[in-house]
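Subject: Structure handover

Hello,

Here is the structure for your files. My notes come after it.

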Amino acid sequence: MSTVVLGLGSNMGDRLKNLNTAVRAISRLPNTQVIKASSVYQTKPVGFTEQSDFYNGAITVETTLSPHSILGACLGIEAAMGRIRRQKNGPRIIDIDVLLYESFTSDSFELTLPHPRIKERAFVMVPLLDLFPLGRAPGLYFAPYLKEADTDGVVKTDGEISLLY
């Protein structure tokens, strides 16, 4: 089993329900168990800013799926939930990013791990800190970057990601 960290985001429809629907689908993947979830945070959009705020969070899973298989499964869940990629950084019902895969690095067109923009994005760093309070995740020591991250637009919500399915 390998530990994998997935980032989740939604800014269309019932954002919290979308996050939980995605986590439920991930929990049903073969040989995959959702272990822990971060709090849910409301964040401003990055890139294309003329859109609604996001709900973001992160989860850790244990799986025997390969890095490319977990990526394919996440893309399949996004498609099944209705995600349509019309514009870069545009609105989305769900976004599932493979952030980290224990003991695996890659720099290819299909899959770059660790995710190349983790350290630039507070909406990823803050949920990661929930999962790894000491700032050390599988394959990434991110504590030093928290000081540089602009966390002003990251607001904890009352919503939570459910692990009870």
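The notes below cover the fold, the cores and the surface.

This is a predicted model, in which local features need pLDDT of at least 70, side-chain atom pairs count only at pLDDT 80 or more, and totals for chains, interfaces and linings use all residues. Residues are numbered from 1 along each chain as its sequence is written, and side-chain values use heavy atoms, with hydrogens and water left out.

The protein has four helices and ten strands (DSSP runs, H or I of at least four residues for helices and E of at least two for strands, numbered from the N terminus). Their order along the sequence is β-α-β-β-β-α-β-β-β-α-β-β-α-β.

Buried residues account for 48% of the 165 residues (buried means under 20% relative accessible area, with a 1.4 Å probe and protein chains only). The largest nonpolar core has 27 residues, and Leu6, Leu8, Ile26, Ile59, Ile96 and Val98 touch the most other members. Such a core is a set of buried Ala, Val, Leu, Ile, Met, Phe, Trp, Tyr and Cys residues joined through side-chain atoms within 4.5 Å. Two or more residues each come from β1 (2–10), α1 (15–27), β4 (54–63), α2 (67–80) and β5 (95–101), and α2 gives the most, with five. A second, separate core of 13 residues includes Val5, Ala58, Val124 and Leu128.

Leaving aside residues up to four places away in sequence, Leu6 touches residues including Ile26, Cys74, Ile96 and Val98 (contact means heavy atoms within 4.5 Å).

The C-alpha trace spans about 40 × 35 × 35 Å along its principal axes.

Regards

Technical notes: Buried means under 20% relative accessible area, exposed over 50%, partly exposed in between (1.4 Å probe, protein chains only).
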